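Let's walk through this model together, one part at a time. Please keep the sequence and the 3D view open as you read.

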Amino acid sequence: MIYREAGQFKSSYAGDQAIFPVVQDRVFVAAAVAAAVVVPPLLASEYWLQAVLIPFLVYALAALGLNLLTGYAGQLSLGTGGFMAVGAYSAFKLATAFPRLNIIVVFLLAGVAAAAVGILFGLPSLRIKGFYLAVATLAAQFFLIWLFNKVAWFTNYASSGTITAPDRTLFGALITGPNSTPSARYLTALGLVAVFALAAKNLVRGRIGRSWMAIRDRDIAAEIIGVRPLRTKLLAFAISSYYCGVAGAGLVFLYLGSAETLAFDIGISFLVLFMVIIGGLGSILGSFLGAAFIVLVPIVLSNAPHAIGLRMPVALQKQFELMVFGGLIILFLIVEPRGLARLWQIAKEKLRLWPFPH
Amino acid sequence: MKGSAAAPPLLEVDRVSVRFGALIAVNRVSLSVARGEIVAIIGPNGAGKTTLLNAVSGFYRPYEGTIAFEGQDRTRLAPPDVAALGIARTFQNVALFKGMSVLDNIMTGRLLKMRGSFLLEALYWGPARRQELEHRAFVERIIDFLEIQAIRKTPAGRLPYGLQKRVELARALAAEPKLLLLDEPMAGMNVEEKEDMCRFILDVNQEFDTTIALIEHDMGVVMDVSDRVVVLDYGRKIADGPPAAVRKDAAVLDAYLGVAHDA
């Protein structure tokens, strides 16, 4: 890095167990969080907040959730969209049934509903692994979307079949609903994501994270040191679905404003899975990098031809975007199959020793 | 002081058979391991040594017979329950968690000793943090003991084979087992690595007072470290006794060398 940790000695295990043991890292992260709180509401245009930053945060939260399940516990899931839908519809039902309930509490309870559904659909994971489990979770995806489409109760019998975020306030400021400002929604999403990311990091570096990774890496050896596979896997499904549920509630309440089941179809499950794979399986940072990649790169690509003075028909440009985007995904996976987080780690290791090769 | 005759054996395997369809991998084998002992289980390939170990650690259900630990029958327990009783083991083909650091690998050995709620752990606060640090301190003792301080942050998958075996031993030791089962702890090692491993096995036995049952092919090692040797052949026990006696046993020579023992 541009700095060295030379002279910083860890004299306690607590110091060594810290998330950011190096002082400069702590300063950098604190500065980044402060900047994320202050800068966008002041400087970013409504377009940036609404079309870039808010979706990035919401998808990052979903990617975090899936990364806990797939990256850490090793259970492949294609049910992310379904679990997000559970969160979104529960949040809608709770918010409309109990208008006085604090909206953050609504989000957290929506996560609980998603966690319960996640446990249910995680039960097959005791018997099946890998691609077969992915197919089993696909059943969750299709069943849940079908359920929310079929049962009108979930949408409060809206004839359009859509759920719309009602106006809700937090600390006197409107943070959801059609009249809320993008800045308020951005800050709410940022707060949620920051807290959830920290909690995820704490989980994966402790007892629970180690039992997940043990199951992922060698389930037989995990059993022999006392990890109970079913309990461990179900906990992974529960916590992962909790994150996805809150992300789903955020998708409707903080980003889209209103949505129908189409917003949670199988495409979103794949999208979040791509984020996790491109960002880096088994990495908290990777979840953010992957979400940034998937959200930002298409936007960059759609503006790139114009920016370099290239004029082309709109239809051609759309095709061009898809081709380059696909190409980039393949390129990244060839260069570093373990994702952007791994690239970042390699860069850090190399820079630490620079200018020496070893 | 090795286990006295009056105390019940730590592990008592009584006429256990394990069958896979028509194949009888372990055939009515009885053996007992006394507290504080180092017992070696030897035998030609396919003799049923690992199968017997798997039955003890709960991966296989014996077809007949009983397995008792500390005088209590525990023939039909699942592997995590066996671990909870205080039996740890290593595997013939190293079964480390390759994606985790050496430190985390060894910390998994403490999982059974850890309690907590995921809410506290998500906050990394109070009891959760204290517990984490206590266990870290214990794990560091084992890291010192096995002389692997330099690699504690290295991902286990990147280590050379000999060190992986040592880390696996560390993980098993972290559980503070009463009985340690080692499945070929020295397979594929060079002479120095074997010597190190022998030293560790003897030290573990003496310092932590851990009872050890190990499977090994290297006869030199077996004769040096073990108090007693059990010989299996085709799923049957053909000898059981001190190393010196077993070495001269006619049935053992027969099984290993295939020589006639008439003259």
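The predictor gives the complex an ipTM of 0.88 and a pTM of 0.90. For chain B the mean pLDDT is 89, with 95% of its residues at 70 or more. Where pLDDT is low, the predicted coordinates should not be read in detail.

Let's start with a pair of strands in chain B. β6(B) and β7(B), the latter spanning residues 179–183, run parallel to each other and are joined over three bridges. Strands of a sheet pair through backbone hydrogen bonds, either parallel or antiparallel.

How is chain B divided into domains? The assignment gives domain 1 as 1–86 + 179–190 + 211–263, and domain 2 as 97–176. Their C-alpha centres lie 29 Å apart. Where the two domains of chain B touch, domain 1 contributes six residues and domain 2 contributes seven. On the domain 1 side, five of these residues are nonpolar and one is polar, with no charged residue.

Next, turn to the place where the two chains meet. Here 24 residues of chain A are in contact with 33 residues of chain B. On the chain A side, α1 (13–17), α7 (182–204), α8 (207–217) and α9 (219–224) each supply at least two residues. The largest share, seven residues, comes from α8(A). Sorted by class, this side of chain A has 12 nonpolar, six polar and six charged residues.

Finally, have a look at Arg311(A), in the loop between α12 (284–307) and α13 (314–335) of chain A. Is Arg311(A) buried or exposed? A residue counts as exposed if 12 or fewer other C-beta atoms lie within 10 Å of its own; Arg311(A) has 7, so it is exposed. Its C-alpha atom is separated by 49 Å from that of Glu5(A), 306 residues away along the chain.

Key:
Residues are numbered from 1 along each chain as its sequence is written. Chains are lettered from A and ligands numbered from 1 in the order in which they are written. This is a predicted model: local features need pLDDT of at least 70, side-chain atom pairs count only at pLDDT 80 or more; totals for chains, interfaces and linings use all residues. Two strands pair if DSSP finds at least two bridges between them. Helices (H or I, at least four residues) and strands (E, at least two) are DSSP runs, numbered from the N terminus. Ala, Val, Leu, Ile, Met, Phe, Trp, Tyr, Cys and Pro count as nonpolar, Asp, Glu, Lys and Arg as charged, and the others, Gly among them, as polar. A residue is buried if 20 or more other C-beta atoms lie within 10 Å of its own, exposed if 12 or fewer, and partly exposed in between; C-beta atoms are placed from the backbone. pLDDT is the predictor's confidence in each residue, from 0 to 100. Domain bounds come from an automatic or database domain assignment.
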